[in-house]
Amino acid sequence: MLRIYSEVLEVVALLNPVIEVLDRKDPDLANQCRRARSSMPLNLREGSHGRGKSRSNRYSFVAGSADELIAILDTGVACEYFAPLPEL
């Protein structure tokens, strides 16, 4: 298994309090955050068993979900749902 897998699971756990805030302030954004964070470890694990283009596609999905989470956090800060988070 890839070493980064445990790091991704840490990020998943770190987002729990963010999702709690979003649930109260913007349920749609909270759902989008849940989907993006779940997508990362699932696609990472699936990609680690793929070959060639399949593996690259899964890893690309992981990167896309990570970027989506950054945008969700930026949106939450811009909407003043929470203060800026420290760099992860």
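Predicted model: local features only at pLDDT ≥ 70, side-chain atom pairs only at ≥ 80, totals over all residues.
Okay, let's start with helix α4, residues 52-78.

Which residues of α4 are buried? They are V62, S65, L69, I72, L73 and G76. After α4 comes E80, and its phi is positive, near 60°.

Now, the core. The largest nonpolar core has 18 residues, and the ones with the most contacts inside it are V18, L22, C33, L69, I72, Y81 and F82. Helices α2, α3 and α4 each put in at least two residues, and α3 gives the most, with 6 residues.

Let me zoom in on L22, which lies in helix α2. Is L22 buried or exposed? It's buried, because its relative accessible area is 0%. Leaving out residues up to four places away in sequence, L22 touches P27, L29, A30, C33, I72, Y81 and F82. Take I72 from that list: L22 and I72 are 50 residues apart along the chain, with their C-alpha atoms separated by 9.9 Å. C33 touches I72 as well, along with I19, L22 and L69, again not counting residues up to four places away.

On to the charges. How many salt bridges does the structure hold? There are 2. In one of them, the side chains of D23 and R34 meet at 2.6 Å, N to O. D23 lies in helix α2 and R34 in helix α3, so this pair ties together parts that are 11 residues apart in sequence. D23 counts as partly exposed, at 35% relative accessibility, and R34 is also partly exposed, at 27%.

Then there's R58 with E46, whose side chains meet in a salt bridge at 3.0 Å, N to O. That pair links R58 in helix α4 to E46 in helix α3, 12 residues apart. R58 is partly exposed, at 24% relative accessibility, and E46 is partly exposed too, at 43%.

The structure holds 0 aromatic pairs. What we do get is a charge over a ring, with the charged end of R45 sitting over the ring of Y5, 5.3 Å from its centre.

That's my tour, thanks.

How values were computed: Residues numbered from 1 in each chain as written. Heavy atoms only, no water. Buried < 20%, exposed > 50% of the residue type's maximum accessible area, 1.4 Å probe, protein only. Helix = DSSP H or I, 4+ residues; strand = E, 2+ residues; numbered from the N terminus. Phe/Tyr/Trp six-rings, centres within 6.5 Å; stacked < 30°, edge-to-face > 60°. Lys NZ or Arg CZ within 6 Å of the ring centre and 35° of its normal. Contact = heavy atoms within 4.5 Å. Core = buried A, V, L, I, M, F, W, Y, C linked by side-chain atoms within 4.5 Å. Salt bridge = Lys/Arg side-chain N within 4 Å of Asp/Glu carboxyl O.
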